[in-house]
Amino acid sequence: MALGLAVVTLTGLTGLGGCVYPTRGAFWGRMSDQLRGNPGEALDPPRLRMGAMPFDAWYSPLILLGPSDVTEHRYRQGWWVGPAGDSPRGILYARRAGFLDLAHTRNAMDLTRFVYTPVLKAIESGRGAVRLMSVEPDVYHVRLADGQELSPVLQRELARKIAGRIAYLMTTWHEVATWHGYKGAGVFTERPSAFSYDDAASHMVGVAAAMDALEQEPRLNRFNAAATAALARQLVLLEALPGEVAAKRVNAVKGRWWANSLPQLRVVHLGLPDETLWARTLDDVEVATWT
């Protein structure tokens, strides 16, 4: 189907490294867009959660979690800046996924849900373009083929797949931006954590869980319950282990994957189906690749 191919372009990223409203991008410009209520646009994505490092750092004390610590998911959108209320931040370890940052996983889940709504509406109405503004001041322009003649089931299926792809692109672009010095709160760079070895896997798990949730429960007002169950299924599938086992894994890679409060291993993957996931240390020595 031609609709299966969504063309996405990225513009903006104004204020790179500069002072911006925390997690909301250019405040007044975003407020203006909200008041205009332009059709075919999604300009108020979920807030970012605070991530954690997969080791003990002076700026991010190690917090290890087990599957039993992962509670209800709560989709957070809009100007909400308070606690997420769904579970503590921290690091999980799964036998089939490695280190997972729960905040990054939940953020990827929310972004998938956020993108799904305007994409589905565009497909249903035959509107060929959607403009999405992510949590950084960057703008994604999505062009879609006409899907009005497709069945509702197929429309939802394509919307899920496109939303997952774009959400993963958004999470990856966040890592690119922070690698080049983007300051989400306008003060401190997040470069130390950019492409740390827990990020790509965390984003993949979150997107997979959200797509599963949207398939099982298309009613968006019940997304939280569906997402909670979907994430639990993902953690079982990936064989998430208790926190005490995660601690042993953290120590096992000390000096190789992390040292001196910094990740020595960076993992990059853009989410393309034929792309190899590659990991390199800071001295550019290839450690491993996965297909």
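This is a predicted model: local features need pLDDT of at least 70, side-chain atom pairs count only at pLDDT 80 or more; totals for chains, interfaces and linings use all residues.
**View A. H2 and H4 pack at an angle of about 45°, with their axes 7 Å apart.** That angle makes H2 oblique to H4; angles under 35 degrees count as roughly parallel, over 145 as roughly antiparallel, 65 to 115 as roughly perpendicular, and the rest as oblique. The axes are lines fitted to C-alpha atoms, for helices over the stretch in contact, with angles from 0 to 180 degrees between N-to-C directions. On the H2 side, the contact is made by His104, Thr105, Ala108, Met109, Thr112, Arg113 and Tyr116. H4 brings in Asp199, Ser202, His203, Val205, Gly206, Val207, Ala209, Ala210, Met211 and Leu214. Contact here means heavy atoms within 4.5 Å.

Residues are numbered from 1 along each chain as its sequence is written, and side-chain values use heavy atoms, with hydrogens and water left out.

**View B. Zooming out, the protein has 6 helices and 12 strands.** Both kinds of element are DSSP runs numbered from the N terminus: helices are H or I with at least four residues, strands are E with at least two. Of the 291 residues, 48% are buried, meaning under 20% relative accessible area with a 1.4 Å probe and protein chains only (over 50% is exposed, in between is partly exposed). Take the contacts between residues at least 6 apart in sequence, and 71% of them join residues at least 24 apart.

**View C. Helix H4 covers residues 199-216 and is mostly tucked away, with 13 of its 18 residues buried.** From first C-alpha to last, H4 reaches 26 Å, close to the expected 26 Å. The expected span is 1.5 Å times one less than the number of residues.

**View D. Helix H5 spans residues 223-237 and crosses H2 at roughly 135°.** The two axes come within 12 Å, and the angle makes H2 oblique to H5. This crossing is right-handed. Its contact is made by Leu102, Thr105, Arg106, Met109, Asp110 and Arg113 of H2, plus Phe223, Ala227 and Leu231 of H5. The 15 residues of H5 should span 21 Å, and its end C-alpha atoms are 21 Å apart, which agrees. Buried in H5 are Phe223, Ala226, Ala227, Ala230, Leu231, Gln234 and Leu235. The spacing is worth a look: an α-helix has 3.6 residues a turn, so residues three or four places apart point the same way. The cover over the buried residues of H5 includes S3, S4, H2, H4 and S7. Just after H5, glutamate 239 takes a positive phi of about 60°.

**View E. Aspartate 110 sits in helix H2 and is buried at 0% relative accessibility.** Skip residues up to four places away in sequence, and aspartate 110 touches Pro46, Arg49, His73, Arg74, Tyr75, Arg76 and Phe223.

**View F. Three strands form an open sheet in the order S4-S3-S7, with antiparallel pairing.** Strands S4 (98-101) and S7 (240-241) stand at the edges with a single partner strand each, so one side of each has no neighbour in the sheet. Two strands pair if DSSP finds at least two bridges between them; S3 (residues 91-94) and S7 have 2. Helix H2 (residues 102-125) lies across S3 and S4, running at about 65° to S4.

**View G. Strands S5 (residues 129-133) and S6 (residues 138-143) pair in the antiparallel sense over 5 bridges.** Leucine 132 has tyrosine 140 as its bridge partner in S6. S5 is mostly covered, with 4 of its 5 residues buried.

**View H. Isoleucine 63 sits in the loop between strand S2 (41-42) and S3.** With a relative accessible area of 27%, isoleucine 63 is partly exposed. Beyond its neighbours within four places in sequence, isoleucine 63 is in contact with Arg89, Gly90 and Ile91. Leucine 92 is 29 residues from isoleucine 63 along the chain, and their C-alpha atoms are separated by 8.9 Å.

Notes
A crossing is left-handed if the near helix is turned anticlockwise from the far one by less than a right angle, and right-handed if clockwise.
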